[in-house]
Amino acid sequence: MKVGIMGAGQLGRMLALAGYPLGLQCEFLDPNQDSPGGQVGPLISGGFDDRECLARLARDAAVVTFEFENVPMAAMDLLGKCTPVWPPAEALGASQDRLDEKTLFRRLKIPTPEFAAVDGLEDLRRAARRIGLPGILKTRRLGYDGRGQYPLRRLDDIEPAWSLLGKAPLIYEKFIAFSREVSLIGVRSTRGETRFYPLCANTHEAGILRYTTAPYRNAPLQKQAETYLKRLMRHFDYAGVLTVEFFVRRGQLIANEMAPRVHNSGHWTIEGARTSQFENHLRAVLGLPLGDTAAVGHSAMVNFIGTLPAAGNILRLSGVHFHSYGKEPRPNRKLGHCTVTLPSREARDRILRTLLKLRA
Ligand code: ATP
Ligand code: MG
Ligand code: MG
């Protein structure tokens with residue numbers, strides 16, 4: 001059976017690899033001919049809005065999903081006319097626009113940083129006055145890995161922020177002085193079965209996820225995060241993996257953003273959970289029973305960004321697995337990751353410290 005995937009980045013590649021043991025083949029649509037996914041599965045090389053390519057993908061696949069967040073909504077509509085598409089287009093649409101996303105969080109009573117739409121310099125001045133400083137000005141669309149963001153600390157930052165980002169529709173958000181960032185990865189199948197992974201703790205630098213540790217055990221936060229994800233899943237009549245990133249402040253969760261797809265902070269589940277996020281996503285969109293989401297030990301996942309260390313230097317450490325995405329090195333590009341899974345947190349943390357030193 002074939003699963004169609006919009007986008008053939010590393011997330012698509014890991015979906016395809018998870019599909020093989022299940023007898024599934026993933027077929028990709030992506031404009032980039034030497035994408036990571038295309039190295040492990042058939043690739044339709046074309047634009048996401050190319051009607052012929054979309055028709056081919058829909059014809060070949062029993063179900064279509066996506067690993068790329070900026071699939072045009074018109075493509076989702078077209079695909080949806082010919083084949084089941086999961087997660088739902090409305091969830092993708094909400095995640096593509098930070099203003100819609102945060103408006104939805106607010107509507108569903110999921111705490112989120114105070115925000116305001118910014119369509120002009122005067123809006124920004126007003127937002128900074130009303131919401132206060134520090135804050136962050138973000139493009140509503142197309143941002144990832146912290147791109148399209150400008151932190152504002154003082155009133156003097158307003159004009160430079162505006163001149164850098166002012167051409168696009170924007171959102172101003174209150175800066176949250178968080179004690180920690182966590183994410184919850186949940187999965188719901190087309191049959192309504194729902195499971196959640198344990199929370200993971202995420203460390204970002206300059207807006208890019210550097211490393212994740214899991215499980216992050218905190219029963220009240222786990223319960224609260226699951227309640228919020230269930231609300232979102234019910235709202236969208238969701239199927240597939242859903243990730244929400246949260247700030248933790250004074251023991252409370254504040255939702256930063258959602259991703260209606262498998263997520264970088266869930267890469268540890270390949271070795272560190274009974275069933276990986278990738279396998280569970282495939283099971284979910286195909287209506288198969290979901291796999292156990294329990295952690296098997298203590299894991300840490302470290303991203304390799306810009307440069308990839310030699311595999312041998314990583315693999316000689318006990319409990320460590322290496323993943324290369326087959327991408328050309330470029331500054332700030334995610335080229336691979338590694339995961340350590342060990343029985344104790346202390347042993348995991350020891351190896352994690354070594355891995356963080358080996359990154360460059
Ligand atoms: P991703 O690659 O996760 O999709 P992104 O480009 O969509 O990232 P965000 O998740 O909004 O960007 O922001 C990246 C990081 O910047 C956050 O993980 C957090 O560390 C910091 N950040 C963003 N918004 C805020 C905020 N309102 N308050 C404090 N820190 C923030
Ligand atoms: Mg994002
Ligand atoms: Mg983020």
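**Strand pairing, helix packing and the ligand shell**

Strand β6 (residues 135-139) runs antiparallel to β8, to which it is joined by 5 bridges; strands are DSSP runs of E with at least two residues, helices are runs of H or I with at least four residues, and both are numbered from the N terminus, while two strands are said to pair if DSSP finds at least two bridges between them. The structure is a predicted model, in which local features need pLDDT of at least 70 and side-chain atom pairs count only at pLDDT 80 or more, whereas totals for chains, interfaces and linings use all residues. Residues are numbered from 1 along each chain as its sequence is written, and chains are lettered from A and ligands numbered from 1 in the order in which they are written.

Strand β8 itself (residues 170-174) is mostly covered, since 4 of its 5 residues are buried; a residue is buried if 20 or more other C-beta atoms, placed from the backbone, lie within 10 Å of its own, exposed if 12 or fewer do, and partly exposed in between.

The loop between β8 and β9 (180-188) holds F175, which counts as partly exposed because it has 16 C-beta neighbours inside 10 Å. Apart from its neighbours within four places in sequence, F175 is in contact with P134, G135, I136 and P151, where contact means that the C-beta atoms of two residues, placed from the backbone, lie within 7 Å.

The protein is divided into domain 1 (2-85), domain 2 (114-174) and domain 3 (180-358), with bounds that come from an automatic or database domain assignment. The centres of domain 2 and domain 3, taken over C-alpha atoms, are 29 Å apart. Ligand 1 lies between these two domains, because domain 2 and domain 3 both give residues to the shell around it. There are 16 residues around ligand 1, of which Y144, E173, I176, H204 and G207 come nearest; a residue is near a molecule or strand if its C-beta atom, placed from the backbone, lies within 6 Å of it.

In helix α3 (residues 73-82), the residues A75, M76 and L79 are buried. They cover an arc of only 100° around the axis and therefore lie on the same side of α3, the arc being that of the directions from the helix axis to the C-beta atoms. The exposed residues M73, A74, D77 and K81 are carried by the face of α3 turned away from its buried side. The buried residues of α3 pack against α2 (51-60), β4 (63-66) and α4 (89-96). In α4, the buried residues include A91, L92, A94 and S95, and these are on the same side of α4 because they cover an arc of only 160° around the axis.

Two cis peptide bonds can be described by their loops. One joins W86 and P87, with omega about -10°, and P87 lies in the loop between α3 and α4. Another joins A214 and P215, with omega about -5°, and P215 lies in the loop between β12 (208-214) and α8.
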